[in-house]
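Biologist: I would like to learn how to read a model like this one. Please take me through it feature by feature.

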Amino acid sequence: MIRGSCLCGGVRFEITRAVGPFELCHCRRCRKANGSDFVAYLGVNRADFRLVEGGDLVRTFEAPLRESPPPFQTHFCGRCGSPVPDPKGDSPWMEIPAGLLDDDPELRPDRHIFVDLKSPWFSITDNLPQLDRAALMTLRKAQIHP
């Protein structure tokens with residue numbers, strides 16, 4: 001079991017296993033929503049996720065639609081402001097902010113995404129693949145329609 005929680009501990013969850021991808025997102029919205037140079041997200045099957053406590057604390061902000069659906073949503077603890085997973089989504093797959101994990105998911109980051117939008121003051125110095133928006137969309141379409 002992999003446990004996770006927000007900063008104040010009010011929102012707690014467990015995941016049976018992490019399946020990936022484990023992506024480091026450099027898009028502007030993720031950066032602004034989290035106040036960091038990139039955000040680490042870990043892919044999880046919703047069936048492997050269980051909210052243990054704090055569902056009443058989870059708040060949602062939906063940003064205006066910029067290009068095409070789906071709109072950008074961010075979920076956070078209403079007490080401490082930490083980003084948290086969306087416990088009520090209807091997708092079979094979900095993203096967990098990796099910084100919330102209290103235990104080792106036994107996965108490591110796969111790639112940087114939206115590198116064409118990264119902060120000009122941040123340099124990527126690791127050897128992970130770097131995908132711009134076009135390359136990421138091509139990859140995701142190939143995964144949906146092999």
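This is a predicted model: local features need pLDDT of at least 70, side-chain atom pairs count only at pLDDT 80 or more; totals for chains, interfaces and linings use all residues.

Biologist: How many aromatic pairs does the rule count here?

Modeller: Start with the rule. Rings of Phe, Tyr and Trp (its six-membered ring) pair if their centres lie within 6.5 Å; planes under 30 degrees apart count as stacked, over 60 as edge-to-face and the rest as tilted. The count comes to 2 aromatic pairs. One of them joins Phe38 and Phe122. Their ring centres are 5.5 Å apart and their planes stand at 55°, so this pair is tilted. Phe38 sits in the loop between helix H1 (28–34) and strand E4 (39–45), while Phe122 sits in the loop between E9 and E10.

Biologist: Are Phe38 and Phe122 buried or exposed?

Modeller: Buried means under 20% relative accessible area, exposed over 50%, and partly exposed in between (1.4 Å probe, protein chains only). Phe38 has 22%, so Phe38 counts as partly exposed. Phe122 has 18% and counts as buried.

Biologist: What does Ser119 touch?

Modeller: Contact means heavy atoms within 4.5 Å. Ser119 is also in the loop between E9 and E10. Not counting residues up to four places away in sequence, Ser119 touches Arg31 and Asp37. With 1% relative accessibility, Ser119 counts as buried.

Biologist: How should I read the sheets?

Modeller: First, the elements. Helices (H or I, at least four residues) and strands (E, at least two) are DSSP runs, numbered from the N terminus. Two strands pair if DSSP finds at least two bridges between them. E9 (residues 111–113) runs parallel to E10, joined by 2 bridges. Ile113 has Leu131 in E10 as its bridge partner.

Biologist: Where does Gln130 lie, and which residues is Gln130 in contact with?

Modeller: Gln130 is in strand E10. Neighbours within four places aside, Gln130 contacts His112, Val115 and Ile124. Gln130 is partly exposed, at 44%. Its C-alpha atom is 23 Å from that of Trp93.

Biologist: What is the order of the open sheet of 3 strands?

Modeller: The order is E1-E2-E5, with antiparallel pairing. E1 (2–5) and E5 (49–53) are the edge strands, each with a single partner. E1 pairs with E2 (residues 12–15) over 4 bridges. Gly4 stands opposite Phe13 in E2.

Biologist: And the whole chain?

Modeller: The protein chain has 2 helices and 10 strands. Its radius of gyration, taken over C-alpha atoms, is compared with a globule rule: 2.2 Å times the number of residues to the power 0.38. The chain's value is 15 Å, close to the 15 Å the rule gives for 146 residues, so the chain is as compact as a globular protein of that length. Of the 146 residues, 39% count as buried. Among contacts between residues at least 6 apart in sequence, 59% join residues at least 24 apart.

Methods. Residues are numbered from 1 along each chain as its sequence is written. Side-chain values use heavy atoms; hydrogens and water are left out.
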